[in-house]
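Student: I would like to learn how to read the aromatic rings in a model. Where do we begin?

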Amino acid sequence: MNLDQIVCQQVIETERFILRPVRKSDAGLIEHYVSDERVARMTRSIPHPLPPGAAEAFVARAMADERDEDVWVIDGTADGDAELKGVIGLKRMDRNQSEVSYWTAPPFWNTGLASAALKALVDANPQNNAAMFACVFQDNPASARVLIHCGFDYLGDAESFSVARDATVPTWTYSRKL
């Protein structure tokens, strides 16, 4: 597959940004932001330090025809802002459900960007899900507030492994029926 090709995936437009499919050219900015330990530590799958080629491998997976997750870049260029402000994705689950995950770049923290991106994704419901789930680390209450703000309900406590922390971390799980 030609990695410069954008696979068929809905573009979601808002007044502030667009959610667009990942492009090969995004790898550099993705690497720049997820190399920040503060970002990596709040995710399950991003290692810290980031190994060489990890961002390019992520982009290749996100662009693959046979992927189990649709990934969008939060792109502010239409409004004269940064090309890549963060990433949001929907991983397919069984029974017409998906798990949402997201991160925003530190310069855009506390700006309402994550809430706006999640709201846009929920409203568009590009996978026609009956429900979306999300899991956040308990030491990341800002992410929990994003989910609550977007209509997600608390389901319970659990644990997930964080690659960056090399540890199992307590989590809160949320869901939203669509």
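Tutor: With charges over rings. A charge sits over a ring if NZ of Lys or CZ of Arg is within 6 Å of the ring centre and within 35 degrees of the ring normal. Here R165 lies over the face of F137, 4.8 Å from the ring centre. This is a predicted model, where local features need pLDDT of at least 70, side-chain atom pairs count only at pLDDT 80 or more, and totals for chains, interfaces and linings use all residues. Residues are numbered from 1 along each chain as its sequence is written, and side-chain values use heavy atoms, leaving out hydrogens and water.

Student: How many aromatic pairs are there?

Tutor: A pair of aromatic rings is described by the distance of the centres and the angle of the planes. Rings of Phe, Tyr and Trp (its six-membered ring) pair if their centres lie within 6.5 Å; planes under 30 degrees apart are stacked, over 60 edge-to-face, the rest tilted. That rule gives two aromatic pairs. Y33 and W103 make a tilted pair, with 6.5 Å between centres and 55 degrees between planes.

Student: Is Y33 buried or exposed?

Tutor: Buried means under 20% relative accessible area, exposed over 50%, partly exposed in between (1.4 Å probe, protein chains only). Y33 is buried, at 13%. W103 is buried too, at 12%.

Student: Which kind of pair do Y154 and Y174 form?

Tutor: Their ring centres are 5.8 Å apart and their planes at 70 degrees, so the pair is edge-to-face. Y154 is partly exposed, with a relative accessible area of 46%. Y174 is buried, at 4%.
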